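Notebook, one structure. I looked up cores, charged pairs and surface patches, in that order.

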Amino acid sequence: MTNISIRAAQRDDAATILHFIRELAIYEKAEHEVKATLETIQTSMFGEQSGVHGLIAEVEGQAVGFAVYFYNYSTWLAKPGLYLEDLYVSQAQRGKGYGVALLKHLAGIAVEKQCGRFEWSCLDWNTPSREFYESLGAEPLSEWIGYRMSGETLQRFATQ
């Protein structure tokens, strides 16, 4: 593997993060769903009250991938957990170990912060990613079903 460096994302990385978000959305055939802008990334990820963290993976000063994560909490474990929202490595850079390096870095953060869990979600149709995660020892949580409220539904429910 080429010499990779992984560092905490900074406010100046917002354009790079947006670039990777768009690449990921294209890969997931959901580019039309991206509402993020340079400004919303700057305020939501790097604002004073943000609980969101990012990582940038670089090779020879060139960004090759990113990860966005935050901490949640397990009541049963009475410990924080690290939740990986997104991890992406540019298509031309895949197969070089950069995704593994990002995941190991995140696992190290989880251990350092005494997290009881390191979790993420993967689209059910994304067989290459699912096989990749399982090859690392990650286990799918087939007994859980994710739920979401957003947009008008969220607004309406909150104000009823």
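**Nonpolar cores.** I started with the largest nonpolar core and found 20 residues in it, with Leu55, Leu82, Leu102 and Leu106 having the most contacts inside. A nonpolar core here is a set of buried Ala, Val, Leu, Ile, Met, Phe, Trp, Tyr and Cys residues joined through side-chain atoms within 4.5 Å. Buried means under 20% relative accessible area, exposed over 50%, and partly exposed in between, with a 1.4 Å probe and protein chains only. The elements giving two or more residues to this core are S2, strand S3 (62-74), strand S4 (79-89) and helix H3 (98-112). H3 gives the most, seven residues. I note that helices (H or I, at least four residues) and strands (E, at least two) are DSSP runs, numbered from the N terminus.

The model is predicted: local features need pLDDT of at least 70, side-chain atom pairs count only at pLDDT 80 or more, and totals for chains, interfaces and linings use all residues. Residues are numbered from 1 along each chain as its sequence is written, and side-chain values use heavy atoms, with hydrogens and water left out.

I then listed what Leu102 touches, leaving out residues up to four places away in sequence: Ile6, Leu55, Ala57, Gly65, Phe66, Ala67, Leu87, Tyr88 and Val89. Contact means heavy atoms within 4.5 Å. A second, separate core has 12 residues, including Ala9, Leu18, Ile41 and Tyr88.

**Salt bridges.** I counted two, taking a salt bridge as a side-chain nitrogen of Lys or Arg within 4 Å of a carboxyl oxygen of Asp or Glu. In one of them Arg7 pairs with Asp13, with the closest N and O atoms 2.7 Å apart. Is Asp13 buried or exposed? Asp13 counts as buried, at 9% relative accessibility, while Arg7 is partly exposed at 28%.

Arg7 also forms a salt bridge with Glu58, where the closest N and O atoms are 3.2 Å apart. This pair links distant parts of the chain, since Glu58 is in strand S2 (residues 52-59) and Arg7 in strand S1 (residues 4-8), 51 residues apart. I have Glu58 as buried, with a relative accessible area of 16%. Through shared partners, the salt bridges join Arg7, Asp13 and Glu58 into one network.

**Surface.** I found a nonpolar patch of about 300 Å² made by Met149, Leu154 and Phe157. Patch residues have over 30% relative accessible area and no salt bridge; like charges are joined within 9 Å, and nonpolar side chains (Val, Leu, Ile, Met, Phe, Trp, Tyr) within 5 Å. Accessible areas come from the Shrake-Rupley method with a 1.4 Å probe; for residues, only the protein chains shown count as cover. Leu154 lies in helix H5 (residues 151-159) and is partly exposed, with a relative accessible area of 38%.
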